[in-house]
Structure formats: structure tokens, C-alpha cells
Amino acid sequence: MSPVVKSTSRPKWQRIPSKTVYYYRCPDHRKNYVMSFAFCFDRADENEVYHFAYSYPYTYTRLQGYLDRLEKKQLPYLDRHLLTLTVQQRRLDLLTITSPENLKEDAKHNVVFLTGRVHPGESPSSHIVQGFIDFLLSNHPMACVLRDNIIFKVVPMLNPDGVYLGNYRCSLMGFDLNRHWQDPSPWAHPTLHASKQYLMNLHSNMNMDIDFYIDVHAHSTLSNCFMYGNIYDDEDRFQRQAVFPRLMCSNAEDFSFANTAFNRDVVKAGTGRRFLGGILDESSYCYTLEVSFYNFFNGLSPNPIPYTEETYMRVGRNLAKTFMDYYKLGSQLAPKPTGSSNPARCVFMVG
């Protein structure tokens, strides 16, 4: 890991050079690992304020400002809905992104449900979720096709109180919300309770097929982005679950299929991925999308490439694009005009 820093006169977050960051077993801390770093305060101005952070911050206030700006655009394919309020009366927002026609017809619809920031300290997940939303709301031809064919549901921040208070893993009341999906309390885990209730209502709707549930996290030890999935006794279902991560691997240079794993550990039984994987239909796929707090390898260089806010958002864009391949929607992209010097080419991925 390498922390990030900004100051009054240099407001853009920058990583501290890794050569000045040290990890060591400290005898003063019972030989536990300690991180230390050297830093030169190079401005003599007493009004210069420096900020240090574990990773690029993404606050509750920033999210609310972002969602307010989106709402003011009055996009016909975006709906912002208040699912519930937290213990400290903060908003739990749900975004629905799809073409308006999909909400009127009685035909079956495919639903992709994305959540983020259940662990408040994992701020890279918020950058990924914003990249995902930005792409789906854009005028990119792929985004238009995706909105026409899929209903996207996004809960950007499952733990607003924890984020606001600066907690790393728990909620205001000290709970790891990602261990309470089986029986969330409406007073102790209100955001989880409301999200689960909404998902169960979707599941019972005969016109809604929840194809995907993806919960976005950040990982403190492994590099790259990767996925965790479930193990099923049905071999065919287990094999089908590997298709989406392989497609993601083909779309994102920083995705690692080697780090992708499928498990059913008892300790993870209360997670959204595990709980919903046992409740939803056999055609539904539930994943945890993880991204490194620090770096990725792209296969072209032996050196790790540090993540930035932009490359985190790119993970979100690549995630959205992968649904084009999964649903085989490439044929719906409008071809380039006849006579173009750069004719369009469609590549179809078959899982």
C-alpha cells in the first residue's frame, strides 16, 4: 500500500512514492506489522493544510452532490428513489436506469442489481459505481443499447452512516452489514433491511428476472480487480457462473481471472452474494467484485500500475460494457454510414 496526500495549494490527491513507504514488524506493537512513511512538508506557509488518506476518499456528501446533479438533468431513463433513511437520518438512494418503455410493458425484463460501499472504508468501490452509472447514462451507443434491453438497479452506498463517520468496516452501531443479509433488523440494519425487502419484491414480480446481483468492494492485499462467486452442487450452474468473469477479463486489462475464486465458506454465509445466491433463481448469478486498494498488472509490464480515481471509474465502465457481451447485444449497435473509411467491426464473445 501507498497512502495518498493532498494539500491546500495542491488539491488533487497524489500517491506518496512507494520508495518512502515501509512495512515492518514493530517490537513496540507486539511485533505486528506497522506502516510508516517519510514525507517532506515543503511549504512554509502556516495556512497550508495537508490531508493524508488510505485511498482516494469518496464521501457521503460527494455522493449526494453527484446524485443531485444527475437528478436535475431530468433524464427520462433515470429514476432516483429513496429506499429508506439510516439511523442518523441519511438517505439510502436507489437508482433505476433503463429506457422508459421497459417500465411500461408487461413483458419479461432482465434486471441487473448493483450495490456498493457496504464496507465504508472501501472507497474505491464508490469510484467504480460512479463509473458504472456515468457510462450507463451517457450517449455512448453501447449505453443506449444496454438501457433498451436491461433494467439496471443501483444502490451506490449501502452504509451511509459508516461512510460519514469514517468507519472502516462497520455501521454506526458497530455491525458488519455484509454479515447480516439473512435476517437484517429494521432498526439495527435499516439500509440492509430495505435493500433486501426491495430485492425480494423484485424477485416475486413475475415480469422481473434478476439476472445479476453484484456487490462492489475493495481488497487490501491482492492486486487487480477480480470476482468472488458461489459454488453450487449443480455442475452446469457452477460452470455457467464462470462465464461473466471470463468476459470481464476480455474487456478489462486489469481484471484477473487467476484471482477470481468461487467458494461457500461458512464465514461468508451472511454476505449478499451468498444469501442471494441461495434465494434467487438458478439463472441468477451473484458476485462480489473486488478491486485492489493499490495496483494492477496489465500483462505487458512486470511492474505494478497504481490505481487512480480515473482507472477505478474505468473498472465500472468495463463492467457495464461486459453486459453487452453477456447478453449478445452487439448486433443492435448502429452500423457506421456507408463509405466510412473506418468500417465498424463487431466481435461476439460466446460463453
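In helix H1, Arg62, Tyr66 and Leu70 meet His127, Gln130, Ile133 and Asp134 of helix H2, where contact means heavy atoms within 4.5 Å. Of the residues in the contact of H1 with H2, three are nonpolar, two polar and two charged; Ala, Val, Leu, Ile, Met, Phe, Trp, Tyr, Cys and Pro count as nonpolar, Asp, Glu, Lys and Arg as charged, and the others, Gly among them, as polar. The model is a predicted one, in which local features need pLDDT of at least 70 and side-chain atom pairs count only at pLDDT 80 or more, while totals for chains, interfaces and linings use all residues. Residues are numbered from 1 along each chain as its sequence is written, and side-chain values use heavy atoms, with hydrogens and water left out.

H1 spans residues 60–72 and H2 residues 124–136. Their axes, lines fitted to C-alpha atoms over the stretch in contact, lie 12 Å apart at an angle of about 5 degrees. H1 is therefore roughly parallel to H2, a term for angles under 35 degrees.

The UniProt annotation "domain: Peptidase M14", from an unreviewed entry, covers residues 56–327; such annotations may be inferred rather than shown by experiment.

Cys286 is buried (under 20% relative accessible area), with 1% relative accessibility. Cys144, at 28%, is partly exposed, that is, between buried and exposed (over 50%), with a 1.4 Å probe and protein chains only.

Definitions and conventions. Axes fitted to C-alpha atoms, helices over the stretch in contact; angles between N-to-C directions. Helix = DSSP H or I, 4+ residues; strand = E, 2+ residues; numbered from the N terminus. Parallel < 35°, antiparallel > 145°, perpendicular 65-115°, else oblique.
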